[in-house]
Amino acid sequence: MTFDRSFFRIGPARLFVHAMVLLIVIVWLVPTLGIFVTALRDKDQITVSGWWTAFSGSTQTTAVRLDGGDKAQQDGPNYVISGSVFAAAGSLGKVSAFGVKAQDPSAFKAGEPADIGNGETLLINTDGSYKYTKNAAFEDTRGKRIYISVASPPAFTLQNFKTVVTGEGIGQSFINSLTVTIPATIIPILIAAFAAYALAWMEFPGRSLMIALVVGLIVVPLQMSLIPLLRLYNEIGSFLGVPSKTYPGIWLAHTAFGMPLAIYLLRNYIAGLPKEIIESARVDGASDFDIFVKIILPLSFPALASFAIFQFLWVWNDLLIAMVFLGTGKDELVLTGSLNALLGSRGGNWEILTASAFVTIIVPLLVFFGLQRYLVRGLLAGSVKGG
Amino acid sequence: MIWQIGSALGAVVLGVGACAAYFLFSNKLLDFALPAREGDDVFVASRNLRRRSIIRPWLFIGPALFLLAVYLVYPVIATFILSFYDKGGEQYVGLANYQWAIGDREFRQSIFNNILWLAVVPAACTFFGLVIAVMTDRIWWGNIAKSIVFMPMAISFVGASVIWKFIYEYRGGNDTQIGLLNAIVQLFGGTPEVWISIPFWNNFFLMIILIWIQTGFAMVILSAALRGIPEETIEAAVIDGANGWQIFWKIMVPQIWGTIAVVWTTITILVLKVFDIVLTMTNGQWDSMVLANLMFNWMFRGGGDSGRSAVIALIIMLAVMPIMVWNVRRANQETGDH
């Protein structure tokens, strides 16, 4: 394009664009990356270091007690206590620094003898072995309290996933999400496709009014529907003696709420199919049902796929409808509901939250990257949509 | 586990099967009840064919019409009526619920916050979307960049909330800050804060989440619109000596006003209904309440108050109304053009 060359003809401007886009990409990518990395980290490391340091390991400061004066051995004029700081707790990693005051827990570097006053010298090696020397006898039989900074190597694990899938009910929620999502994606496509064909190619009174109604209903906020429907479901439930919160109940709710956009998108597409095909099929004596099943459905595949992806993402990611139309018991929750519940009950346990979030968002992300083409096409066709 | 998967699978097949069976059998039944086979009386056959073509559209559109009526049209009317009734929906109370709303601090707070969201989020998404669309169209790896900006569209609001809650995470005392934002603040010598509990400003921290999700949508649509701009208009501007800035604002933007309006209104409607983010991040605490969450709370608060809840829903509906009218008029024009 000529425009290209003139707009960013000079080097610095072009470089600036590259830099800006790179910055934007980083800003957009980093939040999700944080969750993915954290979900794979050891849960003890998550709380002591930021996830961006995950690959360089973490440094942890702990207090340990050296051996008491009774373990001292005389060495010429000096008394020496030696041993390992990890004797009690087992090795935590490599000691990088140590200190004797809580205010300055990493005052001295590991491997170098430090003069800690009072005629005392302390040497702690990276492997944890120490040598505590004094120019007179140790009086205290209680060991000295010191602080060490321990660098632990990066630790990655799949344990967090095991915990959430079996222990936190995420596995059950995954199945529930699928049970809600699959019918709530297929049923509206079927119903909307039939309606869209009727609105595009069949003659009946009130047709244009119905098209206007569908467009109007696209933007009606869900909130308007919740109260009457909740009451209706409860009444039907108690009338028939069945629970009011069932899978068919939520399938129908999702189907209905997705219906206006589905009809709108599919009607636009089906109305644009060549007239000759449909008319020649009619002349050959095919009924509208045959035409629909044998001609329209196969030809509309791109539009059906676009809407299917929308609806799938929408249902899978929905929280509000699931909260209202499905039970809130632990084995009834869908993934978004579980995640919401965990945010309340496990607020600080990031190993659980991040692993659960990972399980929740991985399916839509795979769908997204696999079928992005259809998604974009659908967006462009339905940009009248209100969500 | 196996049993759960099996029963889930059974439910799926049953649900989808029932729906497919309706269309198949209702149409077969129609053909069977009004036969028009060769060899039949010509008059009867043509009459039956005519009747079929009158009935069949309703078989096709029936289920959709039923669902729209029960799940959308009826509730809109019922919600309107319920707003004049008491919490159980039994006693007529006139305008009492509306009076309550006007006097309620939380309600006014929600209105204020919603206006704040409306002022910031659609504008920010459209602006970033446009800028990113223009920039990514000019570089060879633009499509990869677009994919990444578009990606949050696939993530649920709840998932996005967890992602961002982790970024805003605060650790007290001398603990290492594991939230990215506080770590950065600390790096530059600032003091870490509990960002989502600072009244007024926390709204913006929640808005960032929605902007992060929705910018990709704006970018995709605006990028397509930008590609539709005739090149001659830009070439002419270049020849006339316009610089990049002028070309962008005076040539490109005016030609895509229509698309910008669509993007803006679509995000506006989304913002009016924002619920999940506020629920999971603050649940309306620290003055961050919005209408959709207040409405949901009143559905269940104190045993549920359908009257107050309905009033709040109506306010959201009222705000959507102008966009709805605009959409219908635009769609009518389009069908008229056909």
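The side chain of Thr179(A) has a polar atom 2.7 Å from the backbone oxygen of Ile175(A). This is a predicted model. Thr179(A) sits in helix 5 of chain A. Its relative accessibility is 3%, so Thr179(A) counts as buried. The cut-off for buried is under 20% relative accessible area. Beyond its neighbours within four places in sequence, Thr179(A) is in contact with residues of both chains: Tyr247(A) and Trp251(A), along with Ala8(B), Ala11(B) and Val12(B).

Helix 2 of chain B contributes the most, with four residues. By class, the lining has eleven charged, eight nonpolar and seven polar residues.

Now turn to the second largest pocket. It holds about 600 Å³ of space. Of its 23 lining residues, those closest to the centre are Met20(A), Phe127(B), Val131(B), Ile132(B) and Met135(B). Four helices are named as supplying at least two lining residues each: helix 2 (11-39) of chain A, and helix 4 (105-136), helix 8 (201-227) and helix 10 (244-255) of chain B. Helix 2 of chain A has the largest share, seven residues. The class count for this lining is 22 nonpolar residues, one polar and no charged.

Two loop residues of chain B deserve a look at their backbone. Phe200(B) lies in the loop between helix 7 (180-187) and helix 8 of chain B. Its phi is near 70 degrees, a positive value in a residue other than glycine. With 30% relative accessibility, Phe200(B) counts as partly exposed.

Further along chain B is Trp286(B), in the loop between helix 12 (276-281) and helix 13 (291-300). Trp286(B) is not a glycine, yet has a positive phi of about 50 degrees. Its relative accessible area is 37%, so Trp286(B) is partly exposed. The partly exposed class runs between the buried limit of 20% and the exposed limit of 50%.

Terms used
Residues are numbered from 1 along each chain as its sequence is written. Chains are lettered from A and ligands numbered from 1 in the order in which they are written. This is a predicted model: local features need pLDDT of at least 70, side-chain atom pairs count only at pLDDT 80 or more; totals for chains, interfaces and linings use all residues. Side-chain values use heavy atoms; hydrogens and water are left out. Ala, Val, Leu, Ile, Met, Phe, Trp, Tyr, Cys and Pro count as nonpolar, Asp, Glu, Lys and Arg as charged, and the others, Gly among them, as polar. On a 1 Å grid over the protein atoms alone, a cavity is a set of points where a 1.4 Å probe fits but cannot get out, and a pocket is an open set with protein on both sides within 12 Å along at least five of seven lines; lining residues have an atom within 4 Å of a point. Grid points are joined across faces, edges and corners, and a volume is the space filled by probe spheres set on the points. Buried means under 20% relative accessible area, exposed over 50%, partly exposed in between (1.4 Å probe, protein chains only). A polar contact is a pair of N or O atoms within 3.5 Å; within protein, one must be able to donate a hydrogen and the other to accept it, and residues adjacent in sequence count only if both atoms are side-chain atoms. Contact means heavy atoms within 4.5 Å.
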